[in-house]
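Here's a quick tour of a protein model, written for someone just getting started. Keep the picture open while you read and try to find each part as it comes up.

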Amino acid sequence: MIIDPYTWRKVSVTSKSFVTKYIVSIKFDRPTDYRFKPGQYCIVRIPNQISRTVRQYSFASGPNDDEMELLIQREPNGVASNWFYECHQGDKIEITQAFGNFTIGENTEHLTCFAGKVGIAPFISMMRYYPHIRFSIVYATSSREEMIDLSSIKGKNDIYSVTTSDGKRVTEDFIKTLSKTSTYMLCGSKHFTDSISDLLTGCDIKQEQVLLESFTLQ
Ligand SMILES: Cc1cc2nc3c(=O)[nH]c(=O)nc-3n(C[C@H](O)[C@H](O)[C@H](O)COP(=O)(O)OP(=O)(O)OC[C@H]3O[C@@H](n4cnc5c(N)ncnc54)[C@H](O)[C@@H]3O)c2cc1C
């Protein structure tokens, strides 16, 4: 007998909205007693006629919010992301318990974060849940249209937008202009987290100060 290590909960999509052309916000009610920490993710199973597709998605909502939110970026020909792109209110998905160590201590005062595209999702959850922490967030996308509007949750935090179509790029010189923090959190594609990690090392930031979450293998 195969023992399933996951506790699956069925939830209904309560809303789907486009936060950018290629990112959808999916909301559903938080199941009773569902607990997670900002920065964690769940495994999502979507209904599929051939097989049931399973993917990981980080929480963008805060742990105490009644509604849970996932931000899903459309992947060309991607099975799950395109299902979410097309889904409707009332469609059912299944989610597991929360997983992941991409989390921060309550006593943190100031944190520097680097987000590539939809890699902003866990930092949105953190900004929503930890109003006492000051976040310096470097938010990198290819173009301005790909950038989620963070004005309603920005608060006292610093958000540095870096859009490569404007000829901008995160560089060592840019990183040196940021105030130093004891921990640096990176989230996005593996290309993105690897390249920022190398830049941080070049700025004499130690590997043990860097916490990263890669959404893709490439
Ligand atoms: C911890 C973690 C957290 C994550 N959080 C988020 C998040 O918050 N938001 C988010 O958007 N994503 C997140 N991801 C990524 C997410 O889990 C999916 O990988 C992503 O949505 C793509 O899934 P998909 O089914 O749409 O694409 P897939 O169907 O997996 O396809 C991905 C790519 O591979 C190609 N491909 C797939 N199968 C084949 C094949 N048989 N032959 C050739 N090419 C193929 C596709 O064309 C596509 O370009 C996270 C990943 C991890 C590991």
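Predicted model: local features only at pLDDT ≥ 70, side-chain atom pairs only at ≥ 80, totals over all residues.

**Where the domains touch**

- The contact involves 15 residues of domain 1 and 13 residues of domain 2.
- On the side of domain 1 that touches domain 2, the elements giving two or more residues are β1 (9-20) and β5 (67-73).
- That side of domain 1 is made up of eight nonpolar residues, six polar ones and one charged one.

**The ligand**

- Where does the ligand lie? Both domain 1 (9-95) and domain 2 (110-214) give residues to the shell around the ligand, so it lies between them.
- Look for 19 residues surrounding the ligand, the closest being Ser 58, Asn 77, Gly 78, Ala 80 and Ser 81.
- At least two shell residues come from each of β4 (53-58), β5 and α1 (79-86).
- Which element gives the most to the shell? That's β4, with four residues.
- If you sort the shell by residue type, you get ten nonpolar, six polar and three charged.

**Helix α4**

- Helix α4 runs over residues 190-202, so to speak a stretch of 13 residues.
- From its first C-alpha to its last, α4 reaches 18 Å, close to the 18 Å expected at 1.5 Å a residue.
- Phe 192, Thr 193, Ile 196 and Leu 200 of α4 are buried.
- Those four sit on the same side of α4, because they cover an arc of only 90 degrees around the axis.
- What do the buried residues of α4 pack against? Their partners are β7 (110-116), β8 (134-141), α3 (172-177), β10 (184-188) and β11 (210-214).
- Just after α4 comes Asp 204, with a positive phi of about 65 degrees.

**A proline in a loop**

- Pro 131 can be found in the loop between α2 (121-129) and β8.
- Is Pro 131 buried or exposed? Pro 131 counts as exposed because 12 other C-beta atoms lie within 10 Å, and the cut-off for exposed is 12 or fewer.
- Pro 131 and Tyr 160 are 29 residues apart along the chain, and 18 Å separates their C-alpha atoms.

How values were computed
Residues numbered from 1 in each chain as written. Contact = placed C-beta atoms within 7 Å. Nonpolar A, V, L, I, M, F, W, Y, C, P; charged D, E, K, R; others polar. Expected span 1.5 Å × (residues − 1). Buried ≥ 20, exposed ≤ 12 C-beta atoms within 10 Å, placed from the backbone. Arc of directions from axis to C-beta. Near = placed C-beta within 6 Å. Domains from an automatic or database assignment.
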